[in-house]
Amino acid sequence: MAASLQSAVFLSNRIDPHRRLFASPARSLPGTKGSILVVRSDGRISGRLSGRNLITNAVATKADTPTSSTDSKPGHELLLFEALREGLEEEMDRDPRVCVMGEDVGHYGGSYKVTKGLAPKYGDLRVLDTPIAENSFTGMGIGAAMTGLRPVIEGMNMGFLLLAYNQISNNCGMLHYTSGGQFKIPVVIRGPGGVGRQLGAEHSQRLESYFQSIPGLQMVACSTPYNAKGLMKAAIRSDNPVVLFEHVLLYNLKERIPDEEYVLCLEEAEMVRPGEHVTILTYSRMRYHVMQAAKTLVNKGYDPEVIDIRSLKPFDLYTIGNSVKKTHRVLIVEECMRTGGIGSSLRAAIIDNFWDYLDAPIMCLSSQDVPTPYAGTLEEWTVVQPAQIVAAVEQLCQ
Amino acid sequence: MRLKIQSFSISNSQAVVSRDESLVLYEDMVLGRVFEDMCAQMYYRGKMFGFVHLYNGQEAVSTGFIKLLEARDSVVSTYCDHVHAVSKGVPPRAVMAELFGKATGCCRGQGGSMHMFSAQHNLLGGFTFIGEGIPVATGAAFSSKYCHEVLKESTPNRLDVTVAFFGDGTCNNGQFFECLNMAQLELWKLPIVFVVENNLWAIGMPHLRATSDPEIWKKGPAFGMPGVHVDGMDVLKVREVAIEAIARARRGEGPTLVECETYRFRGHSLADPDELRKPDEKASYAARDPITALRKYILDKELASAAELKIIEKKVDAVIEDTVEFADSSPLPPWSQLLENIFADPKGFGIGPDGKYRCEDPKFIEGTSLSLESCLPANHLHRCLIPSESSIRPNSIKVRHG
C-alpha cells in the first residue's frame, strides 16, 4: 500500500480524531470486509512510517517496489479511472442525491470510462447525458446543487470547461457569498486535463492556473489510484464546490488500494518520499517525472523530499512548511504554464510564510508559456522532463 | 418587420378573476411600483449605490406569474429582481435593507441590488450577467424532476415548478437556446416556464436591431415546446397564460416559452440617461400602465370600490415607509463578516503553517488589504477575526455526512 496511507482520514462525528480506532461496520463494497480502517493524519510524525511500505518508485506497476512484510496482500488492484469510478459509485450508493452530468457519461460510459456501468445501474437521470453545452449544463448542475442535489459535473476534457467559466466563476464560486450564505453549491467539477500524447493545443490545457483566483472554489489534483478515489469521495462529501483535476496520461496507472472505505482530506498534501536535502513540491503527472528524477538523484547521493501538494487551492502550508523548515531548499515542479501558474502562487505563499527558513531562492520549473504543439518533439520540450529536475536540484544544492 | 402589438381591451362582461384575487393582484403591483419609486428616491439621496435596475411598468408580468406559484415553486430572476423578490414573498424590509447594504438585508448586504436570494421563499437569484440565471433555473427544474422520479419525494403529477424571468436581449444569448433545448429533451421535459420580459430595449440596443427574427415566442416551437405571445401590460392576460403554462409544467408536460410584450417606464438603470427611446413610444406604453388598467377593470366590474383601492394604496405606502425606516436604522455589516460565507465549509480556507485549519486561527486574514491590526484595539480584533459560530465548526475536523 502506498505510504500515503498515513494521510487517509475517515471522519465521523463519533470518532475521536486523535486515536486510531476501528469503527463499527458500515457501508462498503459488496464482497469486501465490513470494517472501516480509520487512520488519523496528524502529519507531525513521519516516524509512523516505520514498518510501512514507502514507495520509492511512483509507478506502482514496476517490479522493484519493496515487498510488503505481510505475505498476503490486502486490498485490490485497479487502474486510476476505475478508482475514480469506485469512489463515485460508493458515494452514489451512499447518498441518492449524488448524480452525474456531462457529455457521454451515461450510455457511452464516459470518454475515459470513469462512469462506465453507472447509467445502467442508476438510471439515465442520475447519470445524465447532456448535449454539448458546457456553460449551460454546468449552470444546471449549480442550480441543482442549490436546490438539494449533489452533482458531479464532468468536463470531457478540462479545456472544455473554459466554456463554462462564466458559471464556474460567477455562480459556483460566488453564489454562496452573494446569497449571504443561504445557498450552498456542493458540486464537483471534474475532468481530464494536462498535456497528453500529441493531443494538440486545446486538448492539452491546464486550467488550474485559470481557476485559482476564483474565490469560493477549492481545487484538488489526483495522481494515484489511491488518492483519486479518496479525493473523489471527499470532494463529493464536501459542501464547497470542488474542482477535481485528473490527468489524461494517468488514467491507466495501476495500484493496490484498500478494500475498506476511506476518504482523504481535501486540504492536505501527500508526503511521497521523505528526505533531507531539498523539498520538491509537485502535483499530478509531474509527480512521476519528479520520482523518476529522484531515482537518479538518489544514485547521485542526494536525498530529495517529494511532496505531492494535491490541494491546489488552498495550499497545505503545514506539510509544506514543515518540509521547508527541514530542508531549507524548495523546488516546485508543475505542468501548468509559468505565467500566473500554481507555482507562482505557491512561491509567494512560501516566501510570505517561510522566508526565514530558506537557504536558496525557490526554483520553479513549469511548462513553457506556449500553446502545446502537436509535434512530439516540441510537445516534449514544453513540459518539464526529469533531466531538468535533476539539474535543478543539483543547482539548488550547490 | 414590426412586432404585432395586441391591443388592450376589457373583452368579457364577466370578470375573469374573483374579487379577492383581483385585490391580491392590485396590491402586489402597487407594492412593486411604490417600492421601485422609493428605490429611485433613495438612490438619488445616496442611500444605495452601484447599478440599480427598476421594474416600473412591468409589474403585470411579475404579479401575473408569481402570484400563481406556491411556496415550494422557485423563481429565478435577473439583475432586475426587486419586484420578483417582493412578489415571491421576500419581506420588502429585507429587500430594502439589502439595497442599503445593511447586515439585515436578505443577503446580509453581500449581494446588493442584483443578487436577491431567499432560500426560504425559493428565490434563486438575482443574476448580473445576461443569461446566467437560465441554466440555474433549468437546474432547479431538474432537481424537481429528480426528486419526483429518482427520490420519489413529490406528490405524483405535481412537480415543483420553476419560473425563469429574463429579457429580450437575453434571447440572443447562447445560454437561452442551450437551455430551451435541454429543458425539452425527451427524457427531461423539465417543469419550467421561460418568461421573456420583452420590453423592446436592452440598454440602448432596441430588440429589432439586435435580433434577426424578433418574434421570440416562435423560438419555442423551434425547440419543440409551445411558444406564446401575450400582452405583458395586462395582468389578467398574463395570468391566463401563466395558469396554463404552470399547470403544464406541474403535470410533467414540460417547458413553455412565454413572451410578454411589456415596457419599462424608466431607463435600463438609474445611470441610464434614456435618450434613445422616443417620447411617443414612451407615451403609448404609459397609457397602458398595468396598474391603471387593472384599477379600471376592478372598478368597471365592480369588484371593489375606489375607496377600498385607496385603502390598499395607503397600506402599501405605509409598508414602504416602514421598509425605509427599517433599512435606514439597520446596522452596517461588521468587518468580521467579510470572510464569512465564502465557503459553506470554511475548511476551504486551508491548513495554515501551524497545522490548524486557518479558519480556526484569529490572525488568518493578516496581510489582506483589510488588516486593521494597527487601528483596532486588540480585543476587538480577536472578536472580529473569528468567524461566527454559525459558519465554522469547533476545533476537531469533522465532516458532515450527506
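In which helix of chain B is B:Ser22 found?

1. B:Ser22 belongs to helix α1 of chain B, residues 19-44; helices here are DSSP runs of H or I with at least four residues, strands are E runs of at least two, and both are numbered from the N terminus. The model is predicted, so local features need pLDDT of at least 70 and side-chain atom pairs count only at pLDDT 80 or more, while totals for chains, interfaces and linings use all residues. Side-chain values use heavy atoms, leaving out hydrogens and water, residues are numbered from 1 along each chain as its sequence is written, and chains are lettered from A and ligands numbered from 1 in the order written.

2. With a relative accessible area of 0%, B:Ser22 is buried (under 20%; exposed is over 50%, partly exposed in between; 1.4 Å probe, protein chains only). Apart from neighbours within four places in sequence, B:Ser22 is in contact with B:Val17, B:Leu294, B:Ile298 and B:Leu303, where contact means heavy atoms within 4.5 Å.

3. Taking a disulfide as a pair of cysteine sulfur atoms within 2.5 Å, the count over all chains is zero. For A:Cys336, the nearest cysteine sulfur is that of A:Cys364, 7.7 Å away; A:Cys336 is buried at 0% relative accessible area. For B:Cys260, the nearest is the sulfur of B:Cys171, at 11 Å, and B:Cys260 is likewise buried at 0%.

4. A:Pro258 sits in the loop between β9 (254-257) and β10 (263-264) of chain A, yet is buried, at 3% relative accessible area. Its C-alpha atom is 9.9 Å from that of A:Lys73, 185 residues apart along the chain.
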